[in-house]
Amino acid sequence: ERPEKVNASALSPDRPDISLVFPVYNEQGCLEKLYSLLIVVINELPQFSFEFIFVDDCSYDLSPELINQLRKRDKRVHSIRFARNCGSHAAIMAGLRHCRGRAAIVMASDLQDPPTLIKTLLELWQQNNMVVWGVRHQRKGEGLMLKMFSRLYYCLINLISDVKLHPSGADVFLLDRRVINALNQITEKNSSIVMLIAWLNFPETCFYYDKDIRFSGRSKWTTAKRIKLFLDSLITFSYVPLRLMSLIGFLFSMIGSLYAVVVIINAFLNVPIQGWSSLMIVLLVMGGIQMLMLGILGEYLWRSYDESRGRPLYIIEHTSLTISPSNTPDRSSEE
């Protein structure tokens with residue numbers, strides 16, 4: 001069913017049409033500019049009412065104060081602050097669990113995703129699409145190595161997982177309320193929100209845009225965070241590493257059996273058996289493969305253990321939103 005255009009003045013301020021969700025972590029140099037650009041965009045969309053949800057991932061700069069100042073100036077601005085740093089994906093989940101709009105748009109707060117994309121997202125949403133992806137066409141300000149590893153990540157995920165992503169990646173997206181409700185039923189922690197949305201398999205579409213350079217500051221995505229995201233994506237949505245371990249074990253057992261036959265034949269033929277060098281090579285190779293397999297098993301085991309403890313995905317220190325039973329997360333705590 002196509003979403004209806006509703007006059008903003010006829011809507012209750014408690015239930016906006018569109019929720020704009022922004023994960024924030026030390027973005028003091030971007031927030032004021034972001035807000036001013038948002039106002040320009042939404043003023044051109046009078047048929048929709050909006051709310052702005054800034055999810056502060058325990059920033060230690062002036063970001064919390066700036067968000068509070070924005071809220072004093074505009075009652076459509078809401079804030080959620082974490083008690084500890086939990087990552088951008090947890091911040092996005094918190095924003096989606098507490099948003100109240102008929103659809104939600106998730107964008108970066110560093111202005112790499114231009115706020116003008118909101119118009120395109122809403123236009124495609126009104127064409128019966130429940131998920132709208134903004135796919136990166138060009139990535140300004142990023143080096144060749146970073147772009148190469150990013151493309152490799154998406155190629156590997158599409159190859160060995162049961163979820164298909166756009167090869168160049170999507171950082172900005174719109175979700176219909178039905179998608180949000182389905183996503184909020186998922187309580188797993190070590191995962192990728194983009195892959196979770198793709199896994200839900202709701203009707204979707206995409207458009208391409210050029211990702212801008214950061215307006216201020218530097219990226220918080222360190223190499224360690226990128227590696228963790230890759231492992232989370234791979235382990236959560238693929239059993240290929242486990243199958244590969246079984247295949248390698250079977251292959252080496254066959255090779256060992258064949259080599260045993262060769263050794264027995266050489267013994268009958270009185271051919272000298274190679275000693276120290278070949279033995280050390282076999283031991284080192286097999287030892288390395290076994291340790292690698294144990295590491296893969298450990299990654300799966302740790303994530304299972306982490307889920308079994310039942311710790312919340314995030315802890316909210318305070319929020320300006322009124323939490324209702326319909327949007328209270330199952331695994332979070334508020335004060």
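**Aromatic pairs, a buried serine and a surface patch**

Mentor: Phe 48, Phe 50 and Trp 125 form one aromatic cluster. The model is a predicted one, in which local features need pLDDT of at least 70, side-chain atom pairs count only at pLDDT 80 or more, and totals for chains, interfaces and linings use all residues. Residues are numbered from 1 along each chain as its sequence is written, and side-chain values use heavy atoms, with hydrogens and water left out.

Trainee: How many aromatic pairs does the count come to?

Mentor: Rings of Phe, Tyr and Trp (its six-membered ring) pair if their centres lie within 6.5 Å; planes under 30 degrees apart count as stacked, over 60 as edge-to-face and the rest as tilted. By this rule the count of aromatic pairs is 11.

Trainee: Are the planes of Tyr 35 and Phe 52 stacked or edge-to-face?

Mentor: The centres of Tyr 35 and Phe 52 are 6.2 Å apart. With 90° between the planes, the aromatic pair is edge-to-face.

Trainee: Which elements does this pair link?

Mentor: Helices (H or I, at least four residues) and strands (E, at least two) are DSSP runs, numbered from the N terminus. Tyr 35 and Phe 52 are 17 residues apart and link distant parts of the chain. The elements are helix α1 (residues 31–43) for Tyr 35 and strand β2 (residues 50–56) for Phe 52.

Trainee: Why does Ser 233 count as buried?

Mentor: Ser 233 lies in helix α8 (residues 223–237). Buried means under 20% relative accessible area, exposed over 50%, and partly exposed in between (1.4 Å probe, protein chains only). Ser 233 counts as buried because its relative accessibility is 0%.

Trainee: Which residues is Ser 233 in contact with, leaving aside its neighbours within four places in sequence?

Mentor: Contact means heavy atoms within 4.5 Å. With those neighbours left aside, the residues in contact with Ser 233 are Tyr 153, Ile 157, Ser 192 and Met 195.

Trainee: What span does helix α9 reach from its first C-alpha to its last?

Mentor: Helix α9 (residues 240–268) has 29 residues. The expected span is 1.5 Å times one less than the number of residues. The span reached is close to the expected 42 Å, at 42 Å.

Trainee: Is Ile 265 buried or partly exposed?

Mentor: Ile 265 is found in helix α9. Its relative accessibility is 44%, so Ile 265 counts as partly exposed.

Trainee: Which residue takes a positive phi just after α9?

Mentor: The phi in question is about 60°. The residue is Asn 270.
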